Amino acid sequence: MLNSQGLNTDPDILKELVYLPGREGSLQVEMVAGARSHNMVVYPLQPDIETLLAEVSAGNPVLVMQNLGFDWWPQWHFAVVVGYDHQNQALILNTDTRKHHRQPYKVFHATWDRAERWAVVILPPDHLPATAELLPWLRAAHDLESTGHTLAAQTAYQTAEHYWINQPAPLIAQGNLAYSQKRFDAAANHLRRATERFPKFAEGWNNLAYALSAAGCDQQANQAMACAADLAGDRFSMENFQPDARSSDTSAACPKLPACAVETD
Amino acid sequence: MNGIRRYAKQFSLVMAILMAFATTFSVSAHAGMVGTGELIQQQQVNLDRQQLLDMLEQQEVKEKLTELGVSEDQVAERIQNLTPAELADFEQQLAEAPTGEGVVGIIVLFLLVFIITDMLCATNLFSFINCIR
């Protein structure tokens, strides 16, 4: 699976990643964590066959779980769907050691159904799945971030920013990531872009205020927080503004803020 | 896998309560950065809410509601006031509902939630229900 994305992974290493000696097989969690350790995004698919086929047609192999046994005596099994054959009503799977094994739709359906139609695509962070949606993608990227793969996460957020241009969340996510790495200037930069393009998004102003304060721009920080409070007074207020992080150098040029979206009347 | 599913009911109840607490605190005031995870969660709630409102637009649903004597506005307003925990509960029930029974199932669910909240005196849509407090 990882090899299909141009990574040179030794099957032995992968096996080590996902194979649990005691259980003679691998578990979902290990599978997912294994992929993440290679800086790949693990994107869960909607549990329907159309989505699965759409990904396969787009050239993204789909990792699926199957239950080859019964509900009351399950036998879990992983396989990779690499293609399908409409004429013969079959899916083409790489399963256990067989490559390009043809499995009739019917059989696949029954076994996949019993595994709650678990399916994921594993892709590099600059490659969106064919059926990608914003929130699941961001969640997958955030999982990368919280497991310490910050560079991959950053790329995934960037990919989202370019694809979903009408959404503020990818910009905020990049700002938050930079902030957590104590790169306050960069954080302020991302968040300022967020407020520029989405001046009504209060969370952007709030986070910008913290980033600016940490970067040593108190005046602009207060200004940004005032704007957040104006936009969403029930959630943000000047009294609650307690910036914690501080950078040592109060140098750098403080950016000029975009106009606040609230009309003063 | 089956092991955890056996406890799904109890587990989701605990989660729902936890989420209810989490939202109670987060709505009041926010000090600090809004984290990415929190942001995603929040946007998911908005999306779920919108999907529920979109379902109200279906003709069948409208008819069923009129039949039951509940106005669309009332339902829409109630949806706006659903907490994230209630919404998540809804979504889960919807996902579990067998296909085909979709619309009717949704209606029954709506009413179920309304009746329960009415019993707790949170709303007062149905005059025949006396609240327990």
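1. At what angle do the axes of helix α5 of chain A and helix α3 of chain B cross? In this predicted model, the axes of α5(A), residues 134-146, and α3(B), residues 36-56, cross at roughly 160 degrees and come within 10 Å. Angles over 145 degrees count as roughly antiparallel, and the two helices are therefore roughly antiparallel to each other. The crossing of α5(A) past α3(B) is left-handed.

2. The residues that form this contact can be named on each side.

3. Attention may now turn to strand β6 of chain A, residues 119-123. Five of its five residues are buried, so the strand is largely enclosed by the rest of the structure. A119(A), V121(A) and L123(A) point one way from β6(A), while V120(A) and I122(A) point the other way. In a regular strand, side chains alternate between the two faces of the sheet.

4. Which strands are joined to β6(A) by bridges? One of them is β1(A), residues 41-44, which runs antiparallel to β6(A) and is joined to it by four bridges. Within this pairing, V42(A) has I122(A) as its bridge partner.

5. Strand β2(A), residues 62-67, is also joined to β6(A), here by three bridges, and the two strands run antiparallel. In this pairing V62(A) stands opposite V121(A), a residue of β6(A) that is itself buried.

How values were computed. Residues are numbered from 1 along each chain as its sequence is written. Chains are lettered from A and ligands numbered from 1 in the order in which they are written. This is a predicted model: local features need pLDDT of at least 70, side-chain atom pairs count only at pLDDT 80 or more; totals for chains, interfaces and linings use all residues. Axes are lines fitted to C-alpha atoms, for helices over the stretch in contact, and angles run from 0 to 180 degrees between N-to-C directions. Angles under 35 degrees count as roughly parallel, over 145 as roughly antiparallel, 65 to 115 as roughly perpendicular and the rest as oblique. A crossing is left-handed if the near helix is turned anticlockwise from the far one by less than a right angle, and right-handed if clockwise. A residue is buried if 20 or more other C-beta atoms lie within 10 Å of its own, exposed if 12 or fewer, and partly exposed in between; C-beta atoms are placed from the backbone. Two strands pair if DSSP finds at least two bridges between them.
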